[in-house]
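Biologist: I would like to learn how to read a model like this one. Please take me through it feature by feature.

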Amino acid sequence: MQRTVTVASRVGLHARPAAVFVKAASAASLPVTIAKEGKDPVSARSILAVLGLDVRGGEDVVLEAEGDGADEILERLADLLTEDLEG
Amino acid sequence: MKDSPGNGASRRLHGVGIGGASVAGPVALMGVPEPPPGPLTPPAGPPAEEAERALAALRLVAAELGRRAELAGGEAAEVLEAQVLMAQDPMLAEAVTARTAVGVAAGRAVFEAFGVFRAQLAGAGEYLAARVADLDDLAARAVAAAAGRPMPGVPVRDEPFVLVAHDLAPADTALLDLQKVLALVTEQGGPTSHTAILARARGIPAVVGVAGALELTEDELLLVDASEGAVYVAPTDEFVASAREREAARREAAALATAGTEPIRTPDGREVKLLANIGGAVDVADALAAGAEGVGLFRTEVLYLGAHEPPSYEDQLTAYRAVFEGFAGMTVIARTLDAGADKPLPFLPLGEEPNPSLGVRGIRAFRDAGHEHLLETQLAAMAAAAEGTGVDLWVMAPMIADAEEARWFAAKAREAGIAKVGVMIEVPAAALCAREILAEVDFASIGTNDLTQYTMAADRLVGALGGLQDAGHPAVLKLIAMTAYAGAELGKPVGVCGEAAGDPRLAAELIRLGVTSLSMAPAALAEVRAALR
């Protein structure tokens, strides 16, 4: 199951927004991957891999998870990315 | 340089002293990063043991940084928490165990695994440069931990100590428990190094640029005498006792000197306040020690410089309150954000301008609807920060050109709950119409640097025009006199907060023209006070 999301934070998926996202993904019951469109997916539980994607604000990412509850997990993570995590 | 210290200590090291105090205490060395283990380092045990040693090192690093995050709070805590996540990264652990499995030693495996991710992040460019530095710090810690050595970084101890380091970086000082630091001794650094600035701001004696400091041994007793710029190694009890007596006498003398700084009065009985120009809480101790009777210019830009996002209301509240609390019972004149094409802020795009000093700068940057909220947030944070601190807060706007702008700003400031509203007089037009402008506000402060550059049409940065950049030029003095006269007529204070105020040769002239306060760098206060007596 996949979802494509536009990252809202102006600083992109760096610094604080990346940390918030990875913490949420680590807490999820299923493994989740994140990818930039057309690129290889990486584990959403790895802060180093997520930072390495170098996602800028306004760019699209693809989230993917398989199994029971994947729908809700992707929903929750997508919500995190579409709100401004800089708070 | 080392020389014989006489009979009081085994040897004496020299450096540049910061402050005048002396204090004795044991050495705590700041851990120094060691070179990483080479590729052929033999493993100490079988792969499973090496893997466990490496992963245990990562857990130790995560635990240590997590503990520091709790102590640090604020932005420093966020950086540390992100580092904890990195140390716990499952892919990092995989990269480590993939290496130990094929016979790589624990320390080397950790170093190589960090290297893989470092290359990825470094490739992403400037956005991640700070994260690369975080990763390097982590790698150095984990390599030390895997070797069973203390991690590099500031020491954490229960008893007070003398911190001995190569030099301190801002990141180190953010983590340092200053309550425990008796004195700072660094091998590198000069009077303007970060260590020296920290020492002055916090009133900690320091000796910087001490050759041989890093050869000192852990827990060795030192007597640090900042007034002499000397570090005595293994002083005798008698020597420490006599230093304590001298220190007590010095404190008494310093207390007397501050008490003697009574206000300056003109022959006709007017009181002239001598105030300090500051950039934030780090300058408070200096300003008070120099006998400042308040703050005449609090430059709030410092908080914003380099920020990609405007600082939040809460961050501003905290930063302003830290300053206001230091000046309870005194006046602090805060200036709202002063930005322009010549001092750009990433979140306030003003575009390229052919002539930035005549462009959209100072208050002009906030008059379009898109940026107005930044000013409103700042004013609200200032008003809220002053509450309960006992400070007498005055707030002024930079680059006001006419009465209409002054009226607009005054309305905004009063709406935010600011009781005393003023303007900077730094545009000649404002000086010429000072009466009309002062009718709209409660006070004015003359910025002589810009006023001189605009009056003489001589750019501050062009060396060839040095002769024209003189605040004592009759044309500039006439504008200052006009402004001061308008203030006297309306019974409103008019101060000077440019460099001219801190020039002992000009200070008396400015007061003669009717200026009611002079605000300057704390270091200039003593000399100006002496010149006015």
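Biologist: In what order do the elements of chain A run from the N terminus on?

Modeller: First, the ground rules: this is a predicted model, in which local features need pLDDT of at least 70, side-chain atom pairs count only at pLDDT 80 or more, and totals for chains, interfaces and linings use all residues. Residues are numbered from 1 along each chain as its sequence is written, while chains are lettered from A and ligands numbered from 1 in the order in which they are written. Helices (H or I, at least four residues) and strands (E, at least two) are DSSP runs, numbered from the N terminus. For chain A the order is β-α-β-β-α-β-α, with three helices and four strands.

Biologist: What makes Val272(B) count as buried?

Modeller: The test is a neighbour count: a residue is buried if 20 or more other C-beta atoms lie within 10 Å of its own, exposed if 12 or fewer, and partly exposed in between, with C-beta atoms placed from the backbone. Val272(B) has 20 C-beta neighbours inside 10 Å, so it counts as buried. Val272(B) lies in strand S11 of chain B. Val272(B) and Val515(B) are 243 residues apart in sequence but 8.0 Å apart in space, C-alpha to C-alpha. Beyond residues up to four places away in sequence, Val272(B) touches Ser517(B) and Leu518(B), among others.

Biologist: Which strands pair with S18(B)?

Modeller: Strand S11 (residues 271-278) of chain B runs parallel to S18(B) and is joined to it by four bridges; there Leu274(B) stands opposite Leu518(B). Strand S17 (residues 494-496) of chain B also runs parallel to S18(B), with two bridges, and Gly495(B) stands opposite Ser517(B). Both faces of S18(B) (residues 517-520) are covered: Ser517(B) and Ser519(B) on one side, and Leu518(B) and Met520(B) on the other, are all buried.

Biologist: What hand has the unit made by S17(B), helix H17 and S18(B)?

Modeller: A crossover is right-handed if, with the strands pointing away from the viewer, the path from the first strand over the helix to the second runs clockwise. The β-α-β unit of S17(B), helix H17 (residues 504-512) of chain B and S18(B) is right-handed.

Biologist: Where is Gly514(B), and is Gly514(B) buried or partly exposed?

Modeller: Gly514(B) sits in the loop between H17 and S18 of chain B. Gly514(B) has 19 other C-beta atoms within 10 Å, so it is partly exposed.

Biologist: Which residues touch the most other members of the largest nonpolar core?

Modeller: A nonpolar core is a set of buried Ala, Val, Leu, Ile, Met, Phe, Trp, Tyr and Cys residues joined through C-beta atoms within 7 Å. Of the 87 residues in the largest one, Val295(B), Met382(B), Ile400(B), Val423(B) and Leu518(B) touch the most other members. Helix H11 (residues 372-386) of chain B gives the largest share, eight residues.

Biologist: How many residues does each chain bring to the contact?

Modeller: Chain B brings 18 residues and chain A brings 16 residues. On the side of chain B that touches chain A, the largest share, five residues, comes from H2(B).

Note on methods:
Pairing = 2+ DSSP bridges. Contact = placed C-beta atoms within 7 Å.
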